Amino acid sequence: ANIAISSELYEEAFAIFKKFDVNISAIQVLIDNVKNLDRAYEFAERCNESGVWSQLARAQLQQGLVKEAIDSYIKANDPTAYMDVVDTAHKYGNWEDLVRYLQMARKKARESYIESELIYAYAKTNRLSDMEEFISNPNHADIQKIGDRCFEDKMFEAAKLLYNNVSNFARLAITLVHLKEFQGAVDSARKANSTRTWKEVCFACVDHEEFRLSQMCGLHIVVHADELEDLINYYQDRGYFVELINLLEAALGLERAHMGMFTELAILYSKYKPEKMKEHLELFWSRVNIPKVLRAAEQAHLWSELVFL
């Protein structure tokens, strides 16, 4: 048979291999030499051997026939080429077929890569209930990494399930902001308890005029003196002076209230609510930065407050 191939007598070589049941070599002749995948498929159907289907699948995959290749790999029950299958399916966008292939592959090989890609393929096909069931059972997937990929691809519902599963509350909070689930975002920020997360959720709530929730977040930010200016600028630049004053008024009673908060509130009063400034200074004159407030009172022509200080 090999002599026949070297003499380019491909049909004869195929006939010899077929006669002696060397089916894997026979299909290779059809694929590599005769270059006829339709005949190769008919031959694979006839002999129905795992190795034969695998050869056919590899050839189909190389030609970009993703669905046909995956059908052949499933018939072969062969998960060995999973890297190539995943790459090619990504390239051509065959997500439904990829789910079928990875479900087969997972039964044979419990690889982290296979399970992670299966979760991603579930997200791409919007099969979120299948995904939820999968991640609630023991698995080897890198759920955090797939959550990040879903987030970057703006598949926020999938990212929400994945971040929730690994208790990454900081990322979950930001994901919920994108889904406009602001109450949930605030609850997640509370669990994450990082200033950066509080700020991201707070600013998103301000953008969507959810001031009750932005105030809940803001109370965790204003107690950090170095974060106060950012927060004040964010509100002021958008013209939300009243809401900013309400936030700082609510924060004065906090255990960690500091001089910056009393000072900034005095300056805000001088600009937007001068009638409240005198009372504020009488109560808290010892807790404000007097030179700073003097300058603000002077700019606002609040002479009696100036004299008081």
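**Exercise 1. Work out which residues surround tyrosine 101 and what core tyrosine 101 belongs to.**

Solution. Setting aside residues up to four places away in sequence, tyrosine 101 touches Ile70, Tyr73, Ile74, Asp78, Pro79, Thr80, Ala81, Tyr82 and Val85, where contact means heavy atoms within 4.5 Å. This is a predicted model, in which local features need pLDDT of at least 70 and side-chain atom pairs count only at pLDDT 80 or more, while totals for chains, interfaces and linings use all residues. Residues are numbered from 1 along each chain as its sequence is written, and side-chain values use heavy atoms, with hydrogens and water left out.

The next step is the core. Tyr101 is listed with Ile119, Met131, Cys150, Val201 and Tyr235 as touching the most other members of the largest nonpolar core, which has 87 residues. This core draws at least three residues from each of domain 1 (1-109) and domain 2 (118-166), the bounds coming from an automatic or database domain assignment. A nonpolar core is a set of buried Ala, Val, Leu, Ile, Met, Phe, Trp, Tyr and Cys residues joined through side-chain atoms within 4.5 Å; buried means under 20% relative accessible area, exposed over 50%, and partly exposed in between, with a 1.4 Å probe and protein chains only. A second, separate core has 9 residues, including Leu37, Val52, Trp53 and Ala76.

**Exercise 2. Classify the ring pair of tryptophan 95 and tyrosine 120, then that of phenylalanine 241 and tyrosine 272.**

Solution. Rings of Phe, Tyr and Trp (its six-membered ring) pair if their centres lie within 6.5 Å, and planes under 30 degrees apart count as stacked, over 60 as edge-to-face and the rest as tilted. By this rule the count comes to 9 aromatic pairs. For tryptophan 95 and tyrosine 120, the centres are 5.7 Å apart and the planes stand at 75°, so the pair is edge-to-face. Tryptophan 95 lies in helix 8 (residues 95-108) and tyrosine 120 in helix 9 (residues 112-124), so the pair ties together parts that are 25 residues apart in sequence. Tryptophan 95 is buried at a relative accessible area of 15%, and tyrosine 120 is buried at 4%.

For phenylalanine 241 and tyrosine 272, the centres are 4.1 Å apart and the planes lie at 15°, so this pair is stacked. Because phenylalanine 241 lies in helix 18 and tyrosine 272 in helix 19, the pair ties together parts that are 31 residues apart in sequence. Phenylalanine 241 is partly exposed at 26% relative accessibility, as is tyrosine 272 with a relative accessible area of 32%.

**Exercise 3. Describe helix 17, its buried residues and what covers them.**

Solution. Helices (H or I, at least four residues) and strands (E, at least two) are DSSP runs, numbered from the N terminus. Helix 17 (residues 225-237) has 13 residues and reaches 19 Å from its first C-alpha to its last, close to the 18 Å expected, the expected span being 1.5 Å times one less than the number of residues. Within helix 17, Glu227, Leu228, Leu231, Ile232, Tyr234, Tyr235 and Gln236 are buried. Their cover includes helix 15 (195-207), helix 16 (211-221), helix 18 (241-251) and helix 19 (259-272).

Finally, consider the end of helix 17. The charged end of arginine 238 sits over the ring of tyrosine 234, 3.5 Å from its centre; the rule asks for NZ of Lys or CZ of Arg within 6 Å of the ring centre and within 35 degrees of the ring normal. Just after helix 17, glycine 239 takes a positive phi of about 80°.
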